[in-house]
Amino acid sequence: MSEPLTKSYVNTHDPEHPVQEDLVLYQLFEKARKEGNDGELLSLEDMGRMTASQVYDKADGYAKGLLALGLTPGEDILTVVGVPTLEAACLFTAATSIGVGYAHPYIYAPMEATISRIVPLLESKVLVAGEGRGGHIFTALLSQFDDVKEEPSSSVLPDVKHMFYDNSYKDRSPTQKFINNLDKLRQYGESISDQQLEEARKSVKPEHIMHHLFSSVLYRHATNLYRNKR
């Protein structure tokens, strides 16, 4: 295929400010690592700080977790919703390093309707959820799931097999049995060796079309992403 390794879907809602920060961020990490530099990132949402090397260290654990959960490079997509912390940067770096797609759609009001229109089209097996700026995104997302199951169960999001919660933003944990805190993803990764992770990275090929979906996502863009996957 002639498709590039990374395919960035940018925000056209405001054409004067296309959103490509996550992709640029990853490229900056790569450049800093090759040059032996270690810059610091600051999240203006929660004032959290993390160096590039800390992002990479954490991303290694997340990448192993994604492999342990059976995500296939070049096919599967990790979806992150309502995560304003630097955990999103770690998750993006993790997914990109092993050839797994990454989607971080902006969920706008009415949130339940937006989630039910856009998120199912991504067909993600793994979903990481956070509170969002006001705490409403997580609540809206939970409304799509049955809360009496040990595993995720949703007629709206039937592809989701694992759901994690970014508890770094607020000091609380969800009470739903089918949701694990995000550190559980790294615990899953303990079954994957460094050698297995390195082999997964080496196996990433240009024909692995990776879809990176950012910021405000209109239904039209999500539909195009769905068609491109087919």
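**Figure 1. Helix α4 and the residue that follows it.** Helix α4 is followed by E123, a residue with a positive phi near 55°. This is a predicted model, in which local features need pLDDT of at least 70 and side-chain atom pairs count only at pLDDT 80 or more, while totals for chains, interfaces and linings use all residues. Residues are numbered from 1 along each chain as its sequence is written, and side-chain values use heavy atoms, with hydrogens and water left out. Helices (H or I, at least four residues) and strands (E, at least two) are DSSP runs, numbered from the N terminus. Helix α4 comprises 12 residues, 111-122, and should span 16 Å at 1.5 Å a residue; the C-alpha atoms at its ends are 17 Å apart, which agrees. The expected span is 1.5 Å times one less than the number of residues in the helix. Within α4, the buried residues are T114, I115, I118, V119, L121 and L122. They cover an arc of only 160° around the axis, which puts them on the same side of α4. The arc is that of the directions from the helix axis to the C-beta atoms. Buried denotes under 20% relative accessible area, exposed over 50%, and partly exposed the range in between (1.4 Å probe, protein chains only).

Figure 2. P110 is found in the loop between β5 and α4. The peptide bond that joins A109 to P110 is cis, with omega near 0°. On the other loop, between α4 and β6 (126-129), lies E123. The positive phi of E123 occurs in a residue other than glycine. E123 counts as partly exposed because its relative accessibility is 23%.

**Figure 3. The aromatic pair F92 and Y102.** Rings of Phe, Tyr and Trp (its six-membered ring) pair if their centres lie within 6.5 Å; planes under 30 degrees apart count as stacked, over 60 as edge-to-face and the rest as tilted. By this rule there are five aromatic pairs. One of them, F92 with Y102, is edge-to-face, at 5.0 Å centre to centre and with 85° between the planes. F92 belongs to helix α3 (residues 87-97) and Y102 to strand β5 (residues 101-106), so the pair ties together parts that are 10 residues apart in sequence. F92 counts as buried, at 1% relative accessibility, and Y102 also counts as buried, at 0%.

**Figure 4. The aromatic pair F138 and Y165.** The ring centres of F138 and Y165 are 4.7 Å apart and the planes stand at 50°, so this pair is tilted. Helix α5 holds F138 and strand β7 holds Y165, so the pair ties together parts that are 27 residues apart in sequence. F138 is buried, with a relative accessible area of 2%; Y165 is buried, with a value of 0%.

Figure 5. K161 lies in the loop between α5 (136-142) and β7 (162-165). Its relative accessibility of 48% makes K161 count as partly exposed. Contact means heavy atoms within 4.5 Å. Not counting residues up to four places away in sequence, K161 touches K125 and P152. The C-alpha atoms of K161 and L127 are separated by 8.2 Å, although these residues are 34 apart along the chain.

**Figure 6. Y188 in helix α6 and the lysine over its ring.** Y188 lies in helix α6 (residues 183-188) and is partly exposed, with a relative accessible area of 29%. K184 lies over the face of Y188, at 5.4 Å from the ring centre. A charge sits over a ring if NZ of Lys or CZ of Arg is within 6 Å of the ring centre and within 35 degrees of the ring normal. Leaving aside neighbours within four places in sequence, Y188 is in contact with G65, A68, L69, F164 and N180.

**Figure 7. N181 in strand β8.** N181 lies in strand β8 (residues 179-181) and counts as buried, at 18% relative accessibility. Beyond its neighbours within four places in sequence, N181 is in contact with F164, Y165, N167, S173 and P174.
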